[in-house]
Amino acid sequence: MRLRMRATASALVLICAASAGCGQKPAALQVSPTKVKLYGLERAQRLVARVLDRKGQPIPNAPSLNWSSSMPAVADVDGTGRVVSKKEGKAIIRVTLENLSAQVPVEVVDVKGVEVQPAAAKLVGAPGASLPLQVVVRDSKNAAVAVPVTWSSSDEKVATVSPDGLVTSLSQGKAVILAKVGDLQTGAEVLVDPRPIGRVVLLPATALVHAGDSQHYQVLVYGLDGKEIEGASARFSSSNPDVVSVDATGIATGRRNGAATVRAEVGSRTAESTIIVN
């Protein structure tokens with residue numbers, strides 16, 4: 001009889017050791033991650049909650065938790081802690097267990113896509129040639145939005161990129177320059193050709209446009225042997241952006257009456273064109 005009672009007591013000890021109800025009582029809730037930022041609509045993030053005892057140890061087989069959102073129209077959450085973005089804004093996700101609770105702030109940024117211009121580039125000339133890439137981030141309504149972008153290079157031995165998108169050549173080869181917003185990203189393929197440049201020609205040499213009209217410039221690049229280096233990318237600039245603006249692809253747009261000089265830079269060589277707006 002005593003042997004049976006001892007065996008029963010031992011079994012109870014083992015059961016209590018594996019059960020949350022025999023000593024471990026919920027004292028706190030811990031949620032990971034502690035804050036969430038979702039880029040884009042209908043994007044999901046799983047929150048993981050742990051029930052801790054007074055010693056900060058996880059309690060296995062804890063009771064079910066209750067999840068809720070302060071703004072379901074912005075960020076909704078299901079019974080498993082899966083958060084889904086609905087529209088731009090902020091919300092608080094709350095998880096509760098009896099008298100315990102924890103909160104996670106959630107921010108939703110309406111981003112649909114990322115565009116980089118030009119999508120492909122060829123840097124010609126000695127190492128150190130540079131070219132700025134332009135990025136446009138669009139929301140679900142296809143409107144451009146101001147959102148920070150993270151830049152990176154797939155091969156920094158070939159080309160590097162600065163935090164503001166300026167690509168600099170280092171050695172011959174190919175690299176993909178990535179622009180990333182949250183988990184959205186797009187890339188531009190950059191080819192580095194270290195051949196010396198003989199001269200650069202910008203066409204047309206002069207241009208006349210009305211305010212609001214555009215002029216697409218063409219850049220011709222020649223090597224020291226006089227042969228054309230096809231596909232070379234140029235860095236464009238305007239001496240007076242208030243009169244004439246020019247984008248990364250060489251499209252100059254008249255803004256108001258006046259004159260400006262459009263410059264194309266390829267490696268260490270430059271070419272200029274006069275453009276008049278009337």
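Colleague: What should I know about the model and the numbering before we start?

Modeller: This is a predicted model, in which local features need pLDDT of at least 70 and side-chain atom pairs count only at pLDDT 80 or more, while totals for chains, interfaces and linings use all residues. Residues are numbered from 1 along each chain as its sequence is written, and side-chain values use heavy atoms, with hydrogens and water left out.

Colleague: OK, how many helices and strands does the chain have?

Modeller: One helix and 28 strands. Both are DSSP runs numbered from the N terminus: a helix is H or I with at least four residues, and a strand is E with at least two.

Colleague: Why is the chain called more spread out than a compact globule?

Modeller: Its radius of gyration is 30 Å, well over the 19 Å that the globule rule gives for 278 residues, so the chain is more spread out than a compact globule. The radius is taken over C-alpha atoms, and the rule is 2.2 Å times the number of residues to the power 0.38. The C-alpha atoms also fill a box of roughly 110 × 40 × 25 Å along the principal axes.

Colleague: What makes Ile-93 buried?

Modeller: Ile-93 has a relative accessible area of 1%, and buried means under 20%, exposed over 50%, and partly exposed in between (1.4 Å probe, protein chains only). Ile-93 therefore counts as buried. Ile-93 sits in strand β8 (residues 89-97). Leaving aside neighbours within four places in sequence, Ile-93 is in contact (heavy atoms within 4.5 Å) with several residues, including Leu-47, Trp-67, Val-77 and Val-104.

Colleague: And how do you know that Ile-275 is buried?

Modeller: Ile-275 comes out at 0% relative accessible area, so Ile-275 is on the buried side of the cut-off. Ile-275 belongs to strand β28 (residues 269-277). Its contacts beyond four places in sequence include Ala-207, Tyr-217, Val-244 and Val-262. Over the chain of 278 residues, 37% count as buried.

Colleague: Why does Asn-142 count as exposed?

Modeller: Asn-142 has 52% relative accessibility, over the limit for exposed, so Asn-142 gets that label. Look for Asn-142 in the loop between β13 (134-138) and β14 (144-145). Phi of Asn-142 is positive too, near 70°, in a residue other than glycine.

Colleague: Which peptide bond at Pro-33 is cis?

Modeller: The bond from Ser-32 to Pro-33 is cis, with omega near -5°. Pro-33 is in the loop between β1 (28-32) and β2 (36-39). Another cis peptide bond joins Leu-203 and Pro-204, with omega about 0°. Pro-204 lies in the loop between β20 (197-203) and β21 (206-209).

Colleague: Why is one space called a pocket and another a cavity?

Modeller: The test runs on a 1 Å grid over the protein atoms alone. A cavity is a set of points where a 1.4 Å probe fits but cannot get out, whereas a pocket is an open set with protein on both sides within 12 Å along at least five of seven lines. Lining residues have an atom within 4 Å of a point.

Colleague: What volume does the largest pocket have, and what lines it?

Modeller: The volume is about 260 Å³, meaning the space filled by probe spheres set on the points, with points joined across faces, edges and corners. The largest pocket has 18 lining residues, and Ala-232, Ser-233, Ala-234, Phe-236 and Thr-249 lie nearest its centre. Strand β23 (residues 218-223) gives the most to this lining, with three residues. By class, the pocket lining has 12 nonpolar, four polar and two charged residues. Nonpolar covers Ala, Val, Leu, Ile, Met, Phe, Trp, Tyr, Cys and Pro, charged covers Asp, Glu, Lys and Arg, and the others, Gly among them, are polar.

Colleague: And how many cavities of 30 Å³ or more does the structure hold?

Modeller: One. The largest cavity has a volume of about 40 Å³. Among its lining residues are Leu-123, Ser-130, Arg-235 and Glu-265, and the lining splits into six nonpolar, three polar and two charged residues.
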